[in-house]
Amino acid sequence: MTKLFRFTFKRAILSIPFLLAAVIAFGAGAYETLGYMGNYVDWKVEETYLFSDSISAFILAFVIAVLPAMLTGREFSNGTVRNKLITGTTKTQFFMTHLLVNSIVTVIMTLLYFLPTLISCPKYYNMFKPYMVIFAITCTALGYILISTISTVITVMNNKIIISIVAAAAFLFCFVLADKWLSNNLIQPKTIGSYETTTFRDEHGTFTDSVEVGEETNPFYISGKTERNLMWLGRKLMPLTVIENSTAVLSGHFTSIDKVRSTRQETKQDSNYPVFYERNMTLFRAPIYTLCEIAAAAALGILLFKKRNIR
């Protein structure tokens, strides 16, 4: 298996898809860094904007979802997987080799994503304890590895690269939709303003406007404890949530253990209407959740691949 791993890894890092993905990962990190450096005022944590934009994180997630489909998918398109199985490589060895290679490639992509900031903003990172920076990068990498693992499982169940790419991208898109749906429902306030339409007259004429007259129960608020807990659990299991919360450590949103461990935070849309929302996970539990998901996805992949008839 060691020989198979060395050959597979060397082939992966010398491939054109890997090189293109590396450029995109570094570019996404540079986009975040340039955006931050163009907005900062005096290096204060509360005024930072680093990694507050989810576009670059989503672009990298898409690249990482597609990359295993292209790297591992070549084995099926070229027919080399059947030759390897005939010569003594077991299905478990084949799957675990590609899973490990894809995971290492994902870690490389994550490091390239953070590299522009580590190079350009050393003063910014000096404001944080080293373990917080390492923790944020590690959790981000785990979130991306989960995406890569699911993509690898999808890939080994198909013979065509294009099908694997489309399926992996579609699966990631479903993650995004589910994450947004859960988030939008969980941050709904218990009450909302009640408005009435009133007619006004002045020297310019007559016009109508909506005036708040009180509060009423928000019909979209999830009040059931069991249902709400299940929805929070769903949020915790989303890889993009892990990535978002991990990079939030470096965006200045979490600067102490007390804030990281907090389960509630108050934010104000304006001075009159505070909105309370629950933190979607305790950050120090994020690696445990994600590692369990990675292990479950890998076990499922081995089980499905063993039952697959390779032609």
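**View 1. An aromatic cluster of three phenylalanines.** In this predicted model, Phe76, Phe94 and Phe305 form one aromatic cluster. Rings of Phe, Tyr and Trp (for Trp, its six-membered ring) count as a pair if their centres lie within 6.5 Å, and planes under 30 degrees apart are called stacked, those over 60 edge-to-face, and the rest tilted. A search of the whole structure finds six aromatic pairs. One of them joins phenylalanine 76 to phenylalanine 94, with 6.1 Å from centre to centre and 90 degrees between the planes, and is edge-to-face. This pair links distant parts of the chain, since phenylalanine 76 belongs to helix H4 (residues 73–77) and phenylalanine 94 to helix H6, 18 residues apart. Helices (H or I, at least four residues) and strands (E, at least two) are DSSP runs, numbered from the N terminus. Both phenylalanine 76 and phenylalanine 94 are buried, where buried means under 20% relative accessible area, exposed means over 50%, and partly exposed lies in between (1.4 Å probe, protein chains only). Lysine 91 lies over the face of phenylalanine 305, at 5.9 Å from the ring centre; a charge sits over a ring if NZ of Lys or CZ of Arg is within 6 Å of the ring centre and within 35 degrees of the ring normal.

**View 2. Helix H6 and its kink.** Helix H6 covers residues 91–120, and at 1.5 Å a residue its 30 residues should span 44 Å, which agrees with the 44 Å between its end C-alpha atoms. The expected span is 1.5 Å times one less than the number of residues. A kink of about 35 degrees lies at phenylalanine 114, shortly before proline 116, the bend being the angle between axes fitted to the seven residues ending at a residue and the seven starting there. Proline 116, also in H6, counts as buried because its relative accessibility is 6%. Although proline 116 and alanine 30 are 86 residues apart in sequence, their C-alpha atoms are 5.3 Å apart in space. Not counting residues up to four places away in sequence, proline 116 touches Phe26, Gly29, Ala30 and Thr33, where contact means heavy atoms within 4.5 Å.

**View 3. The surroundings of phenylalanine 95.** Phenylalanine 95 is found in helix H6 and is buried, with a relative accessible area of 0%. Leaving aside neighbours within four places in sequence, phenylalanine 95 is in contact with Thr152, Val153, Val156, Ala298, Gly301, Ile302 and Phe305. The C-alpha atoms of phenylalanine 95 and threonine 152, which are 57 residues apart along the chain, are separated by 8.4 Å.

**View 4. The two sides of helix H13.** Ala286, Pro287, Thr290, Glu293, Ile294, Ala297, Ala298, Gly301 and Phe305 are buried in H13. Seen down the helix axis, these buried residues fall within an arc of 135 degrees, so they line one face of H13; the arc is that of the directions from the helix axis to the C-beta atoms. On the other side of H13, Ile288, Cys292, Lys306 and Lys307 are exposed.

**Notes to the views.** Residues are numbered from 1 along each chain as its sequence is written, and side-chain values use heavy atoms, with hydrogens and water left out. Local features need pLDDT of at least 70 and side-chain atom pairs count only at pLDDT 80 or more, whereas totals for chains, interfaces and linings use all residues.
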